[in-house]
Amino acid sequence: MNYVRAFLQDPLVATIAGTSPIAARKIVREANLGSARCVVEYGAGDGVLTRHILNGLSSDARLIALETNARLAEKLSGIRDERLTVYQRSAADIEEIVCGPVDVIVSGIPFSLIPQKAAILDAAARVLAPNGRFVAYQVTPRLFKDLRARYEKVSANVAPINIPPLFVLTGERPLR
Ligand SMILES: C[S@@+](CC[C@H](N)C(=O)[O-])C[C@H]1O[C@@H](n2cnc3c(N)ncnc32)[C@H](O)[C@@H]1O
């Protein structure tokens, strides 16, 4: 219900249902959180994937979750976990929010609807550590070529058990 109401008022919510548990587990596996100390989530929504990320995160790591929609950001802020910091801010602002290198960015923002796509992807590559990963789940594979231009290695997977099915696109090691 969170997403239906939010989507009716804000097309950038871009979904009427949260990511399924099976797809969320696949996205978290792709994120390879094992040794991550600083993780950022773009478009965290009401926190459906955030909870899975927190489950996979070590106890001394931190997760910064960005969500632009006020209704969803309020729900997200209800997650009580001392590793989590929530901002009702855009992914475009990431360089004003983080002060050290980021190990992993997990992104659900609908890049096909976002005019600042290139600026957001460039900023993400700048804040990532040299071994950093950018994992995006999207309804189309179109972002693949944008990641190829910015990362040393890029891979694509599918998470079919979701409405709609998702492409999980991963860029490793940002090109400097
Ligand atoms: C497809 S939903 C994903 C929601 C949730 N993470 C999930 O797994 O179901 C995309 C989310 O990105 C948010 N969003 C859109 N543009 C954004 C931006 N520039 N920065 C941060 N969040 C954004 C939307 O409000 C929406 O909650």
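Reader: Which elements are among those that cover the buried residues of H3?
Author: Helices (H or I, at least four residues) and strands (E, at least two) are DSSP runs, numbered from the N terminus. Contact here is between C-beta atoms, placed from the backbone, within 7 Å. The cover of the buried part of H3 includes helix H2 (21-31), strand S1 (38-42), strand S2 (62-66), helix H4 (70-76), strand S3 (84-87) and strand S4 (102-107).

Reader: What kind of model is this, and what pLDDT do local features need?
Author: Residues are numbered from 1 along each chain, as its sequence is written. The model is predicted: totals for chains, interfaces and linings use all residues, side-chain atom pairs count only at pLDDT 80 or more, and local features need pLDDT of at least 70.

Reader: Which residues of helix H3 are buried?
Author: A residue is buried with 20 or more other C-beta atoms within 10 Å of its own, exposed with 12 or fewer, and partly exposed in between. In H3, residues 48-56, those that count as buried are Val 48, Leu 49, Thr 50, His 52, Ile 53 and Leu 54.

Reader: Which residues have the most contacts inside the largest nonpolar core?
Author: Such a core is a set of buried Ala, Val, Leu, Ile, Met, Phe, Trp, Tyr and Cys residues joined through C-beta atoms within 7 Å. In soluble globular proteins, nonpolar side chains tend to be buried together. The largest core here has 52 residues, and the most contacts inside it belong to Ile 27, Val 39, Ile 53, Val 104 and Ile 105.

Reader: What does Ile 27 touch?
Author: Ile 27 is one of the core residues with the most contacts. Leaving out residues up to four places away in sequence, Ile 27 touches Leu 49, Val 106, Val 135, Tyr 137, Ala 159 and Val 168.

Reader: How does the radius of gyration of the protein compare with the globule rule?
Author: The protein has seven helices and seven strands. Its radius of gyration (over C-alpha atoms) is close to the rule (2.2 Å times the number of residues to the power 0.38).

Reader: Which residue in S7 is the bridge partner of Ala 156?
Author: Two strands pair if DSSP finds at least two bridges between them. S6 (residues 151-159) and S7 pair in the antiparallel sense over eight bridges. A hairpin of six residues joins S6 to S7. In S7, Ala 156 is bridged to Leu 169.

Reader: Which residue in S7 is the bridge partner of Gln 138?
Author: S5 (residues 128-138) also pairs with S7 (residues 166-174), in the antiparallel sense, over six bridges. The partner of Gln 138 in S7 is Phe 167.

Reader: What is omega at the cis peptide bond?
Author: Pro 164 sits in the loop between S6 and S7. The cis bond joins Ile 163 to Pro 164, with omega about -10°.

Reader: What is the phi of Arg 173?
Author: Arg 173 is in strand S7. It is partly exposed because 17 C-beta neighbours lie inside 10 Å. Arg 173 is not a glycine, yet its phi is positive, about 60°.

Definitions and conventions: Contact = placed C-beta atoms within 7 Å.
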